[in-house]
Amino acid sequence: MKEITMWPTWLQEQGMTEDDAPMPVWLPALRKKHRQAWQESKLPSNQDERWKYTDLAFLQTERHLRVAPAVSKNSCDAELAQSLAGEVISLVWLNGSFMPELSNLAKLPDKIIASSIQDALHLHPELIEAHFKKLQYTNAFVNLNAAMFTDGVFIFIPDNVVLNTPIHLLSMAKAGNAFVSHPHQIIQIGKNSQVTILEEHSGALAENYLKNMVTTIEVAAQAKLNYYKLQQESASAAHIANTFIFQNQDSDVALTNFSYGAQFARDEVTAYLQEPGAQCRAAGFYQLKTVNQYIDNHITFDHLAPRTQSEMLYKGVLAVKSRAVFNGRLHVAPEAKKILAYQANHNLLLANSAEVYSKPELEIYADDVKCKHGATIGQLDQEALFYLRSRGIENREATEMLLAGFADDILQRVIHPAIKTHIQSKVGGQ
Amino acid sequence: MLDINNLCVSIQDEKQQAKTILRGLNLQIKPGEVHAIMGPNGSGKSTLANVLAGREDYQLNDGTVQFDGADLLSLAPEERAQRGLFLAFQYPTEIPGVNNMYFLRTALNSLRKYNNMPPLDAADFLQLVKSKMKEVGFDQAFLHRAVNEGFSGGEKKRNEVLQMLMLAPRFIVLDETDSGLDIDALQMVGRAVNSLRNQERSILVVTHYQRLLDYIQPDVVHVMAQGKIIKSGDKSLALELEAKGYSWIENEITP
C-alpha cells in the first residue's frame with residue numbers, strides 16, 4: 001500500500017479559509033495557533049504505533065463540504081429527537097448545527113448552563129476562553145477541531161448540584177452531500193455535583209460525512225458523572241472522537257460506549273486521574289455488521305495520584321469481514337501508590353475474515369499497584385447455541401440471543417431506566 | 001412414535017480418529033409408553049440422547065430414525081423441538097447474559113408459533129411459569145438470573161424439569177436427570193414426569209440407577225452395552241440389574 005502522509009487537499013483548503021462568522025476577539029488567534037499545529041503534523045500513518053491498523057485512505061476519496069447545505073428541520077428524524085421527550089433535557093444538532101427548535105431545555109435548572117458552543121461563545125466567552133487557554137493538544141485531529149470547530153456543546157454544572165434529569169446530546173445527519181463537522185464539547189462539573197449525559201449520534205442511511213469531535217470533561221472533587229455514548233452514524237460516515245477527562249479528588253466517572261455505526265469509527269479516551277481517590281470506569285460494546293467497517297477504541301488511563309482506580313471492559317462482535325482495534329493503555333506515575341486497575345477486552349468473531357487487534361499497554365512506575373488485564377478472541381459458544389435450538393428457538397434468533405447476552409454486562413451498566421430502554425430499543429436485546 | 005433402526009454413530013476423538021459409539025441400535029417406542037435405558041458407563045446412552053436431540057458432533061454411519069413418520073435425523077435441532085421432542089440434558093449449559101425468563105418465553109413462543117398459536121403475552125406467561133416453578137420447587141429468583149449460570153447441579157436439573165413442564169413436549173428424553181439429585185429432588189422429578197404422562201406422550205428415561213424408576217414406572221426396560229441394546233424386559237429387569245450389576249448380561253451376550 002502506498003503510504004499517504006499528506007492531508008487531503010480539500011481539507012487543507014478548508015483549513016486555510018478564515019472564518020467570517022462573528023466571534024470573540026481571542027478566537028482568531030487561537031484558531032490560527034491550532035491551524036499551524038495541525039498543518040505541521042503529518043497525516044497519521046501505519047508507521048505510527050497508535051495508527052498501525054488504521055487506514056485513513058478514505059479521507060482522500062471524496063471532497064467534503066466545509067459546512068453542510070442547509071436543510072429543513074422536517075427532513076430529519078423528528079421521531080428520534082422526541083424519543084426521550086419528557087425524560088431528558090435535550091440538545092439536538094443537525095449536520096453539525098445546533099437546532100433550538102428540535103431541542104428541549106424545559107427541564108434545565110437556571111443555575112446550570114447547557115447550550116451550543118456558539119451561544120456559549122457569546123454568552124460566556126470568558127469560560128470558553130479559559131478552557132482553551134488551559135489545554136495543550138498534540139493530536140492532529142484535535143488541533144484540526146480547535147482550528148475549525150463551528151458548533152458543539154457547553155455544559156457547566158456549578159458545585160453541589162444533583163441533576164436528576166439526564167442531558168441528551170443528539171447529533172443527526174441528513175444533508176445529501178458529503179460534509180465535514182468538527183463538534184467541540186466542553187463539560188465542566190462542579191464539586192459534589194452529579195449528572196448523567198447521553199451522547200447520541202445518528203445518521204440517515206448512506207449519508208457520507210466526516211465528524212471530527214473533541215470533548216473535554218472536567219470533574220471536580222467528589223463529583224459524579226455517568227456518561228453514555230450511542231454511536232449509530234450512517235454506514236458510510238467517519239466518526240473520529242477524542243475525549244479528555246480530568247478528574248479531581250474522589251470523583252467518579254463511568255463511561256459506557258455503544259458503537260454500531262460508521263464505516264470508520266475511532267474513539268480515543270484519555271482520563272487523567274490527577275488527585276487521590278479518583279476513579280474511572282470505561283466500558284464499551286461494539287458490533288460490526290457492515291463489510292469493511294472499522295471500529296477502534298483507544299483508551300488511556302493516566303494514574304497521577306495515589307488511591308486512584310480504573311477499569312476498562314470492552315466487548316465486541318464482528319459479524320462480517322471487518323476490523324476492530326482495542327488499545328488499553330495504563331500509565332501509573334511513580335508517586336501514584338495503592339492503585340487498582342483492571343482491563344479486559346473480549347471479542348466474538350462470526351466471520352473468518354474478521355480481524356481484531358487487541359493490545360494492552362501497561363506502563364507502571366510505582367509500587368503497590370494491583371493491575372489485572374486480559375483479552376480473548378473467540379467464536380460463538382456452540383454448546384449454548386445448541387441448547388437454545390434444542391428448545392425450539394430458531395438458529396437466527398438463538399444467535400441474536402447469545403450476542404445480546406454477550407453484550408448484556410455492558411448494557412447493565414446503563415443505570416438510568418429510560419436511557420437503558422432507549423439504547424435497548426436501538427440495539428436490540430432482552 | 002419413535003422408530004430407531006440399525007443406528008450406527010461415531011465421533012471424532014481428540015486424535016481426530018473416528019470412534020464408533022452406537023453399533024446398530026434398534027428401538028421402537030409407541031405413544032403413551034415409558035421406556036428406560038440402563039447400562040454401564042460408555043455404553044452409548046448419552047450419545048443416543050444427544051443424537052436424538054440433534055447435536056452436531058456426531059457422524060451418522062448407518063441407520064434411520066423415524067419420529068412420527070418423519071426422518072428425524074434430517075431435521076435441525078429446533079425443528080425436532082418444534083415437533084415435540086425434548087431432551088433434559090445431563091449437563092445443562094450455562095448461558096451468561098441470557099435471562100432465564102426471557103429464554104423460557106422465547107422457547108415457548110417458538111413452539112406456539114410452529115403450532116400456529118399466538119405468542120403468550122407477558123401476564124399469561126408469568127402466571128404459567130409461576131405455577132410450574134412451584135411444582136419443581138424453584139424460587140422465583142431463578143427467573144431473573146442468566147440461564148443456568150452459577151446454578152448448582154440440582155438447580156440445573158430443576159431448570160430442565162421446569163422447561164419440560166413449560167414446553168409440555170410429546171416425546172421426552174431424560175438423560176441421567178437423576179444424577180446428583182437428593183431424594184426430595186428425585187421425587188419432584190418423578191412427580192413432574194408422571195404429571196405429563198398420558199396416552200399420547202412417550203418418555204425415554206436414561207439412567208444408571210434403578211432408583212428413579214421407583215418414581216417413574218417404566219413399561220419397558222432396556223439394557224445397553226457397547227453401542228446397542230442387548231436385553232429388554234419389564235421393570236423387574238431394572239431390579240435385577242440393581243442387584244446383580246451389568247456384567248452378567250454382558251457375559252450372557254458375548255460368551
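Predicted model: local features only at pLDDT ≥ 70, side-chain atom pairs only at ≥ 80, totals over all residues.
Good morning. The largest nonpolar core of this structure has 185 residues, and those with the most contacts inside it are V219(A), L52(B), F86(B), V173(B) and V205(B). The greatest contribution to this core comes from α9(A), which gives nine residues. Domain 1 (9-381) and domain 2 (382-430) of chain A both supply residues to the core, so it lies between them. As general background, nonpolar side chains in soluble globular proteins tend to be buried together.

Leaving aside residues up to four places away in sequence, F86(B) touches A81(B), M164(B), L167(B), P169(B), F171(B), I172(B) and V173(B).

Let me turn to the domains of chain A. The domain assignment divides the chain into domain 1 (9-381) and domain 2 (382-430). Taken over C-alpha atoms, the centres of domain 1 and domain 2 of chain A are separated by 26 Å. To their contact, domain 1 of chain A brings 22 residues and domain 2 of chain A brings 20 residues. Which strands of chain A each supply at least two residues of the side of domain 1 that touches domain 2? They are β8 (194-203), β10 (224-232), β12 (252-259), β14 (279-288) and β16 (309-318) of chain A. The most comes from β10(A), with four residues. By class, this side of domain 1 of chain A comprises 13 nonpolar, six polar and three charged residues.

I come next to the contact between the chains. Chain A contributes 19 residues and chain B contributes 23 residues. On the side of chain A that touches chain B, α8 (382-389) and α9 (395-411) of chain A each provide at least two residues. The largest share of that side, eight residues, belongs to α9(A). The residues on this side of chain A divide into seven nonpolar, five polar and seven charged.

Finally, I consider a sheet in chain B. Four strands form an open sheet in the order β2-β1-β4-β5 (chain B), with antiparallel pairing. Why is one side of β2 (18-29) and of β5 (70-71) of chain B left without a neighbour in the sheet? Both strands stand at the edges, each with a single partner strand, so one side of each has no neighbour there. Nine bridges join β1 (residues 2-12) of chain B to β2(B), and I4(B) stands opposite L27(B) in β2(B). Helix α1 (residues 45-53) of chain B packs on the sheet, touching β1, β2 and β4 (58-67) of chain B. The direction of this helix makes about 75° with that of β2(B). Thank you for your attention.

Key:
Residues numbered from 1 in each chain as written. Chains lettered and ligands numbered in written order. Domains from an automatic or database assignment. Contact = placed C-beta atoms within 7 Å. Nonpolar A, V, L, I, M, F, W, Y, C, P; charged D, E, K, R; others polar. Pairing = 2+ DSSP bridges. Axes fitted to C-alpha atoms, helices over the stretch in contact; angles between N-to-C directions. Core = buried A, V, L, I, M, F, W, Y, C linked by C-beta atoms within 7 Å. Buried ≥ 20, exposed ≤ 12 C-beta atoms within 10 Å, placed from the backbone.
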